[in-house]
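Colleague: I am new to this one. Please take my questions in turn, once the picture is up.

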Amino acid sequence: MVVIDGIVMGPQGGVFCDVHNQEFGARCHVCDCQNQKIDNTQACNEHQEMWHKYNLEHSSDYLNAENPPWNKNQGRRVQQLHDESDTNIPKKSHYFSASHYYCVETICAPCGAVIAWTKFVKSDGLERDVTSTTNILKFLEDVFPDEELRPDYICIDKACKLLQTAVANGSWVDWFKSSHFVVDGYHYTNHCSDDYLCRKWCNPAPQDGSAPNLVYIAQDRNGERYHKRAFNTQACEQLNSWLGGFESIMKRMTPSNFNWFIHSMIFYHTQQVIKRQNSQNFSIISEDFEYDDGLL
């Protein structure tokens, strides 16, 4: 089994790629404006007021005034979950600053060791779910190109949507031979109870004996028998909770610095997981990663 999840964070990219920078780099960076920009600014003479307003609102003095030291909420930010829709997306009126990547997607083993990671750009609107699941399928194909290398189970919060996309684009023919898509235990309780496809094919802990590798019988302290999940399906959530602590500095990095930093942190995390595995007192679900996975 592998577990997949994403966290909303990313570096600042360039305003334009190299090709479009040659075509649009000298133009005013206000949308739909064809005028040439003035030297040392990103706007033409007509839009200088908008450019000066942008500089003022992004200056250190302005930001410090907006967040005084005595403000208890300073620096606090509710981080958007990568699988939640952002309904308050403002329409872009200019390209004075570079856009950010949308999220970092990771593939982990249930023990917490990171197998692979990548960055996804943001996709908005009604096409977002389809674009996201298509990107995830492409990511999986890149990491597991050969059928014999693919895991038996792929656990992800949107497994049912991933399955729908795979069926729609025809890639399910290949994936069906080796893997099953299942929803992680935390998100499965929030999926529609009347969604037959999700309940039938993406159940992370079926109790009818159809997936004996996912569920086994355990005993509690009182000797009572109960069904228990065999794998930690929250491995990526736990990794993301740790990575989220660095989000405030990572979002200001250039793409190359961001890639180096997050790769180093993930490598360090994986080394710690392997070290814990090799220790005498290691258990698959350590006290640091303990969670309630009882089903009944």
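**Questions on the model**

Colleague: Where is the place of Tyr 196?

Modeller: Helices are DSSP runs of H or I with at least four residues, strands are runs of E with at least two, and both are numbered from the N terminus. Tyr 196 falls in the run of residues 196-201, helix H8.

Colleague: What kind of model is this?

Modeller: Residues are numbered from 1 along each chain as its sequence is written, and side-chain values use heavy atoms, with hydrogens and water left out. Local features need pLDDT of at least 70, side-chain atom pairs count only at pLDDT 80 or more, and totals for chains, interfaces and linings use all residues, this being a predicted model.

Colleague: Is Tyr 196 buried or exposed?

Modeller: Buried means under 20% relative accessible area, exposed over 50%, and partly exposed in between (1.4 Å probe, protein chains only). The relative accessibility of Tyr 196 is 61%, so Tyr 196 counts as exposed.

Colleague: What accessible area do Phe 176, Tyr 196 and Trp 201 have together?

Modeller: These residues form a nonpolar surface patch. Patch members have over 30% relative accessible area and no salt bridge, and nonpolar side chains (Val, Leu, Ile, Met, Phe, Trp, Tyr) are joined within 5 Å, like charges within 9 Å. Areas come from the Shrake-Rupley method with a 1.4 Å probe, with only the protein chains shown as cover for residues. Together, the accessible area of Phe 176, Tyr 196 and Trp 201 is about 400 Å².

Colleague: Which residues form the negative surface patch?

Modeller: Asp and Glu count as negative, Lys and Arg as positive, and His and the chain ends are not counted. Each charge is placed at CG of Asp, CD of Glu, NZ of Lys or CZ of Arg. One member, Glu 147, sits in the loop between helix H4 (128-143) and strand E4 (153-156), and is partly exposed because its relative accessibility is 38%. The patch consists of Glu 141, Asp 146, Glu 147, Glu 148 and Asp 174.

Colleague: Which residue forms a salt bridge with Asp 142?

Modeller: A salt bridge is a side-chain nitrogen of Lys or Arg within 4 Å of a carboxyl oxygen of Asp or Glu, and the count by this rule is one. With the closest N and O atoms 2.9 Å apart, the partner is Lys 138.

Colleague: What is the phi of Asn 40 near?

Modeller: Most residues other than glycine have a negative phi. Asn 40, in the loop between H1 and H2, is exposed because its relative accessibility is 81%. In the loop between helix H1 (18-24) and H2, Asp 32 has a positive phi of about 70° without being a glycine. Asn 40, also not a glycine, has a positive phi near 65°.
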